[in-house]
Amino acid sequence: MTRPTPAPPEPDETASATSHPHRLELIKVDLVGGGRVVEFNPGLNLIIGDITTGKTTLVRLIRALLGTMPDGLPPEVDYVDAIRGRVMLGSRAWQLYRPQTTTSDALVEVSEVHPDPDREVIALRLPVARADRTYSTFLLDQLRIPAISVPQARTEPTGTLTPVTMTDWLGYCIITGDELDTEVFGHKRQWRNLKRRWVFELTYGYYEPELARLNAQLRRVELQLGSLDQDAAIREKFLADTPFADAGVLDFRLSACTADLEQVIAQRRALGTAAGEVPGVQELRQTLLATRTRRAEVTDRLARLEAQITDLKDLRRQLSHQSARLTRAIVADEWLVDFDFIVCPRCGNDIEAARTTPHLCYLCLQEPRPAPSQAQLLTEQDRIASQISETDEVIEGRQKAQESLKQEAERLDELITDLTANLDQRTQAFISDRANQIEHHAARQAQLEAEIQRLREYATLLRRHQEQLAGRGALETQQEELRAQIQRRELSQLDAEGNVLALERRILEYLHELHIPDLGQELTVKINRKTYLPEVAGRSFDELSSQGLKTLVNIAHALAHHTVAIDRNLPLPGLLILDGLSANSGHEGFDLDRVRDVYRLLSRVTDQYRGVLQVIAVDNELARNILFEFADRVILTLTQDDRLIRIPQAGAGDRADEADG
């Protein structure tokens, strides 16, 4: 699966004429919190210093600025909060702010730097990983390098994919001191070696993304065709053992079985209808139906009567309660009318009748309600007594009707039982007479239904087989189209072999300039087409005799990659960092000459490719004559007293404040 590279940005009017689409040049690196700012120049930059002063740490922090934050950094790096850098990506300058953290969701701040203050610039915050748009893809897009995914297993082109990130491309750009004399871009480490080979193929044209996509698609089509062939063979073998391999025969048999089933169902229905022709059966059925209808009506009336009786009983209770209340009111009016309260019935205090005006109640201080007369209460009580008597009469009438309906329901239930038994007796004789016919038709119906189900399954299988055969034609057409596209793509593909031959010639040229020792036979250089590792005078890199010789071959090999990529416009970032150049060389005689040859080669090449290739050489203290020759290329000198990371001293801020005062 590939991700198309976005259209490159329009170059600035202020961009240099030597700008290259894959240019990656450091301008300034600021270790925020570490008290160190390093400014770089185009071309060759030298960083020298004693051991343990932080040279290799700076190289690893530059890798962190542009890629993945490495593990195992020295403790003093904890004082560094972030890495701020200004870099050239292609023809545009960018300010980068990379927090000092290893988490994948850390955000890197990216902002464009442009001399025109009125121009609207780009400012982004991009996650390190786990997103569609990451910091890595941003860098690759700006460098016009394809951000694609490749098969994780080279033997499975349609298998799981893994992205080729900016960190993988930096494997060709940053060579640390522990690798320079032992490995070729980390080839002894399995995962790095896998990515090293993919970067080589992407750079030199052996792996062209669109061609890889077409090949993977062709592989999927071929797998589908193979699966269709296997399935077709199994189905043909299965159907060959049945009489239904032909669709016409299968349809004819299915139609015949369906017609037979309809005939059997009609015959069973006719037998059921004939049972009604037995003498007396039809009359019994009608009588039974009428009786059941009447029984349902009685049940419904009983339910309604029960509800009515319940409502009437509730009404009688309400009337009785109302009559009792009227009786109490009549008695109270007759016997309690002359009572006066002299003590409060609530709190027990004395009550004075003169506490309020005569027309108000001296208890509640409110105007008394007009009380009904005793004659009115007696009249109302007589009326309610009359209603109670009428209600009792209605309840009694409903209860008599309910009892009558219950008796009728019992009689109907007995009649239904008798009619049902009589009907069963009359029809049982008919069923016994035709039991063999009924059993035969039932068995035949079951047999036909099973046969129809089996035939339909065969028809479904045969239809799918025919559909797949039809789909095979479309897949074969797609296969031919893909093969034609691959063939056209391969004819127009970049000359990958020519690129590698140019790399071999360039490495040989640089080795001659470095005056490597005589290996006992003619000096030749070949890139192994399987491992993509250099072979010098017929020897692999691991077979070279000394670490010093491996260092020279590694320098020539790495430098040749970058210059050939620039000459042929191959996608490779134009930055090369070499750490520990003279670690395996002495300071006198032959070794000293080799060190001088290395720096002269780097100086000549960077002058030739100035503005498109930046080389940063990190080394220990150089011999005085070599240092004098390349003094103008030194950008940073570290010592035991002035190490890379300047650890803040306790009280230093207070002393500075006192000095300011």
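Residues are numbered from 1 along each chain as its sequence is written. Because the model is predicted, local features need pLDDT of at least 70 and side-chain atom pairs count only at pLDDT 80 or more, while totals for chains, interfaces and linings use all residues; side-chain values use heavy atoms, with hydrogens and water left out.

**The sheet**

Start with the open sheet of six strands, ordered β2-β1-β4-β5-β6-β7 with antiparallel pairing. Strands here are DSSP runs of E with at least two residues, helices are runs of H or I with at least four, and both are numbered from the N terminus. Two strands pair if DSSP finds at least two bridges between them. Select 36–39 and 123–127: these are β2 and β7, the edge strands, and each has a single partner strand, so one side of each lacks a neighbour in the sheet. Neighbouring strands of this sheet are turned by 20° against each other on average, direction ignored.

Next select residues 24–32 and 82–89. These are β1 and β4, which pair in the antiparallel sense over eight bridges. To find one of the paired positions, pick Val32, whose bridge partner in β4 is Ala82.

Axes are lines fitted to C-alpha atoms, for helices over the stretch in contact, and angles run from 0 to 180 degrees between N-to-C directions.

Stay in β5 and select Arg92. Arg92 is buried, at 7% relative accessible area; buried means under 20%, exposed over 50%, and partly exposed in between, with a 1.4 Å probe and protein chains only. The Arg92 side chain makes a polar contact with the side chain of Glu112 at 3.1 Å. A polar contact is a pair of N or O atoms within 3.5 Å; within protein, one must be able to donate a hydrogen and the other to accept it, and residues adjacent in sequence count only if both atoms are side-chain atoms.

**Salt bridges between helices**

A salt bridge is a side-chain nitrogen of Lys or Arg within 4 Å of a carboxyl oxygen of Asp or Glu. By this rule the count is 33.

Select Arg192 and Glu179, whose closest N and O atoms are 2.6 Å apart in a salt bridge. Arg192 sits in helix α5 (residues 190–204) and Glu179 in helix α4 (residues 177–180), 13 residues apart. Arg192 is partly exposed at 24%, whereas Glu179 is buried at 4%.

Move to Arg295 and Asp413, which form a salt bridge of 2.6 Å, N to O. Arg295 belongs to helix α8 (residues 281–335) and Asp413 to helix α9 (residues 374–433), so this pair ties together parts 118 residues apart in sequence. Asp413 is partly exposed, at 33%.

In α9, select Glu380 and Arg383, three residues apart, about one turn of the helix. Their side chains meet in a salt bridge of 2.5 Å, N to O. Glu380 is partly exposed at 26%, and so is Arg383 at 40%. Elsewhere, salt bridges that share partners join Arg506, Glu509, Glu513, Asp567 and Arg604 into one network.

Finish with residues 496–514, helix α11: 19 residues reaching 27 Å from first C-alpha to last, close to the 27 Å expected at 1.5 Å a residue. The expected span is 1.5 Å times one less than the number of residues. Its buried residues include Asn499, Glu504, Arg506 and Tyr510. Just after α11, His515 takes a positive phi of about 55°.
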